[in-house]
Amino acid sequence: MKNPPVSMNDPSALSVVINNPGNLPESSTPIPPAPDARRRHPLSDPHEMYTRGYRRRCQHCAKCEVGVTMRKCSACKMDKYRGKECQKAAWPAHKKICKLSQAGQAVWQDLTIDDAELKRRDALRSFTRNHRVTISEAAMRSVLPFYVPPLSSDPVATSEGREDVLVIYLHTRPNAHRARAEKRFFVVDAQLETLAFVPPDLREEERLNLRYFREQTVSVRGACGSLLVVLFLLDPGSFVKSIFPVGFPLNQRSLSAPSSGWKETLVVMLIEGIVV
Ligand SMILES: [Zn+2]
Ligand SMILES: [Zn+2]
């Protein structure tokens, strides 16, 4: 595949189709109530399900090994590593995010838990709305390799079988209450998953959402691929997330867009609060 540089200034180059404008998470899955840790098994805890993979993965080499005790960054208490070496190697890159994590953890502290969650949810909605073009473009590029040779020679048939979920992990940014909507959170990681990643009790609903959205988009725009995007807040004690479907046209132009570097671009755009 050709791999020209991505133009940050020309989102229209990829002509991403965006669903129900102005109608963000209203229609998506309601926020699950905070589980009672004494009564629920961790596997039935949607938040735990969503973040388990993330928490187990070394934030440097991305390996996750069962039975290895992870080392937590003692400063931010968020990132985990398989050992001293990984932690050391990750530090130059982690340094900036570590500071932000530490400061971000204090932002909602004066509020009651319910108020803090409401504030977070509203903030995440605005954040998502403002970054919608960037996120949709990254989402499309993250799945493009599956729609082109050698993985596929029939993009339309491929779109019917795929159930991709792009998960974007975020933290509250320090001074989030005073920051502009697009700067209230910063991204720490993004990972392409499938619907199997969504907790079982929400999976069928999200599967239907995704199918319905694709059919609607196809009926209006012609051949389209689609996937779900989940923005997941990793703040300690928070259960806030935002889910929305993204569609993209299956034409020559979109299928020849570059797929490499989608994550790097997304991380930079969201961390810097760049709205396109
Ligand atoms: Zn590692
Ligand atoms: Zn840290």
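Helix H4 is largely enclosed by the rest of the structure, because 11 of its 12 residues are buried. Here a residue is buried if 20 or more other C-beta atoms lie within 10 Å of its own, exposed if 12 or fewer do, and partly exposed in between, with C-beta atoms placed from the backbone. Helices (H or I, at least four residues) and strands (E, at least two) are DSSP runs, numbered from the N terminus. The buried residues of H4 include Arg132, Ile135, Glu137, Met140, Arg141 and Val143.

This is a predicted model, in which local features need pLDDT of at least 70 and side-chain atom pairs count only at pLDDT 80 or more, while totals for chains, interfaces and linings use all residues. Residues are numbered from 1 along each chain as its sequence is written, and chains are lettered from A and ligands numbered from 1 in the order in which they are written.

## Overall make-up

The protein has eight helices and seven strands. Of its 276 residues, 33% are buried. Two residues are in contact if their C-beta atoms, placed from the backbone, lie within 7 Å. Among contacts with a separation of 6 or more, 70% join residues 24 or more positions apart.

The expected span is 1.5 Å times one less than the number of residues.

| Helix | Residues in helix | Span between end C-alpha atoms | Expected span |
|---|---|---|---|
| H4 | 12 residues | 17 Å | 16 Å |
| H6 | 22 residues | 31 Å | 32 Å |

In H3, the buried residues are Glu117, Arg120, Ala123, Leu124, Phe127, Thr128 and Asn130. They cover an arc of only 150° around the axis, which puts them on the same side of H3. The arc is that of the directions from the helix axis to the C-beta atoms. On the other side of H3, Asp114 and Asp115 are exposed. The buried residues of H3 pack against H4, E5, E6 and E7.

In H6, Glu206, Leu210, Phe213, Arg214 and Thr217 are buried. Their arc around the axis is only 100°, which puts them on the same side of H6. Exposed residues on the other side of H6 are Asp201, Glu204, Leu208, Tyr212, Glu215 and Ser219. Just after H6, Gly222 has a positive phi of about 85°.

## The nonpolar core

In soluble globular proteins, nonpolar side chains tend to be buried together. A nonpolar core is a set of buried Ala, Val, Leu, Ile, Met, Phe, Trp, Tyr and Cys residues joined through C-beta atoms within 7 Å. The largest one here has 47 residues, and Ile168, Leu170 and Val229 have the most contacts inside it. Elements that each supply at least two residues of this core include H3, H4, strand E4 (164-172), strand E5 (185-194) and helix H8 (262-272). Strand E6 gives the most to this core, with eight residues. Setting aside neighbours within four places in sequence, Ile168 is in contact with Ile135, Val187, Ala190, Val229, Leu231 and Phe232.

## Strands E6 and E7

E6 and E7 run antiparallel and are joined by nine bridges; two strands pair if DSSP finds at least two bridges between them. Ser242 in E7 is the bridge partner of Leu231. E7 is largely enclosed by the rest of the structure, because nine of its nine residues are buried. Lys241, Ile243, Pro245, Gly247 and Pro249 point one way from E7, while Ser242, Phe244, Val246 and Phe248 point the other way.

## Individual residues

His171 is found in strand E4. With 25 C-beta neighbours inside 10 Å, His171 counts as buried. Residues up to four places away in sequence aside, His171 touches Leu100, Ser101, Gly104, Phe185, Phe186, Val188, Leu234 and Asp235. The C-alpha atom of His171 is separated by 10.0 Å from that of Met78, and the two are 93 residues apart along the chain.

Asn175 lies in the loop between E4 and E5, and has a positive phi of about 60° although it is not a glycine. Asn175 is partly exposed, with 13 other C-beta atoms within 10 Å. Pro150 is found in the loop between H4 and helix H5 (155-161). The peptide bond from Pro149 to Pro150 is cis, with omega near 5°.
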